[in-house]
Amino acid sequence: MALSLCSGVRVPYCSPSCSWKPNGKNCEAPTKMSCTAVHSDKKNPLVGMGIGLVTAWVMGLTALDADATRIEYYATVGEPLCEYKYVKSGLGYCDIVEGFGVEAPIGELINVHYTARFGDGIVFDSSYKRGRSLTMRIGVGKVIKGLDQGILGGEGVPPMRIGGKRKLYVPPQLAYGPEPAGCFSGDCNIPANATLLYDVNFVELYSGNRSK
């Protein structure tokens, strides 16, 4: 027996097989019939559940596809390549844009945009993907050593200025070292002894810094 799911909506034609009736009795099978003659106050919960699951699945795929597109975009349309200059610590840097504003003050909050990659070029994090810059306190050990030195400068590295864009090659000893990082429930985003590559855009000083 075929079931006609009408939900109280009038349709000009239904299935030529019998429509379901609450009393369970058989009915004739007309070639044309109106479903409005059959009503039930009880809705099949499986129908709503099925529609909900399909909707959630489609929306989930859309969100995942959007994220994948953003990651792929910033992985393939990054800053131009340049030749790294290496200093004694092992840090490599090269400036795409040298910047025009003030230098990053030690211990102050700054806003940066960045894309972070593994040594093979695969993106694992990006502020662009989130659509907002990252606020970080620079020069006091709040970020990895490679970012502190790469942005603040020192030991042969010039300091970044507002508006500057710089590529950084961060060896494991200036990143997370022998321990994996970004771990949750046993899964870690960054493996042990990982070399990291950063594209850093020094946007501005954080407006909430206390004036001296």
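Q: Accessible areas come from the Shrake-Rupley method with a 1.4 Å probe, and for residues only the protein chains shown count as cover. What does the accessible surface of the protein chain come to?

A: The protein chain has about 13,700 Å² of accessible surface, and carbon and sulfur atoms account for 57% of that surface. Keep in mind that this is a predicted model, where local features need pLDDT of at least 70 and side-chain atom pairs count only at pLDDT 80 or more, while totals for chains, interfaces and linings use all residues. Residues are numbered from 1 along each chain as its sequence is written, and side-chain values use heavy atoms, leaving out hydrogens and water.

Q: How many helices and strands does the protein chain have?

A: Helices (H or I, at least four residues) and strands (E, at least two) are DSSP runs numbered from the N terminus. Here you will find 3 helices and 9 strands. Along the sequence they come in the order α-β-β-β-β-α-β-α-β-β-β-β.

Q: What share of the residues in the protein chain is buried?

A: Buried means under 20% relative accessible area, exposed over 50%, and partly exposed in between (1.4 Å probe, protein chains only). In this chain of 212 residues, 31% are buried.

Q: Which residues touch the most other members of the largest nonpolar core?

A: In soluble globular proteins, nonpolar side chains tend to be buried together. A nonpolar core is a set of buried Ala, Val, Leu, Ile, Met, Phe, Trp, Tyr and Cys residues joined through side-chain atoms within 4.5 Å. The largest one here has 30 residues, and Val170, Leu196 and Tyr198 touch the most other members. At least two residues of this core come from each of β3 (109-118), α3 (145-152), β6 (165-170) and β9 (196-205). Strand β3 gives the most, with 5 residues.

Q: Let's look at one of those residues. Is Tyr198 buried or exposed, and what does Tyr198 touch?

A: Tyr198 counts as buried, at 6% relative accessibility. Contact means heavy atoms within 4.5 Å. Leaving aside residues up to four places away in sequence, Tyr198 touches residues including Tyr114, Thr115, Phe124, Leu147 and Val170. Thr115 sits in strand β3 and is also buried, at 3% relative accessibility.

Q: How many aromatic pairs does the structure hold?

A: Rings of Phe, Tyr and Trp (its six-membered ring) pair if their centres lie within 6.5 Å; planes under 30 degrees apart count as stacked, over 60 as edge-to-face and the rest as tilted. There are 5 aromatic pairs here. Tyr114 and Tyr198 make a tilted one, with 6.4 Å between centres and 50° between planes. Since Tyr114 is in strand β3 and Tyr198 in strand β9, this pair ties together parts 84 residues apart in sequence. Tyr114 is buried, with a relative accessible area of 8%. Elsewhere, ring pairs link Tyr84, Tyr86 and Tyr169 into a cluster.

Q: How many disulfides does the structure hold?

A: A disulfide is counted when two cysteine sulfur atoms lie within 2.5 Å. This structure has 2 of them. In one, the sulfur atoms of Cys82 and Cys94 are 1.7 Å apart. Cys82 lies in the loop between α1 (45-76) and β1 (85-86), and Cys94 in strand β2 (residues 92-97), so the pair ties together parts 12 residues apart in sequence. Its S-S torsion is about 40°, so this disulfide is right-handed. Cys82 is partly exposed at 28% relative accessible area, whereas Cys94 is buried at 5%.

Q: What about Cys183 and Cys188: how are they joined?

A: They form a disulfide with sulfur atoms 1.9 Å apart. The torsion about the S-S bond of Cys183 and Cys188 is about 105°, so this disulfide is right-handed. Cys183 is partly exposed at 44% relative accessible area, and Cys188 is partly exposed at 34%.
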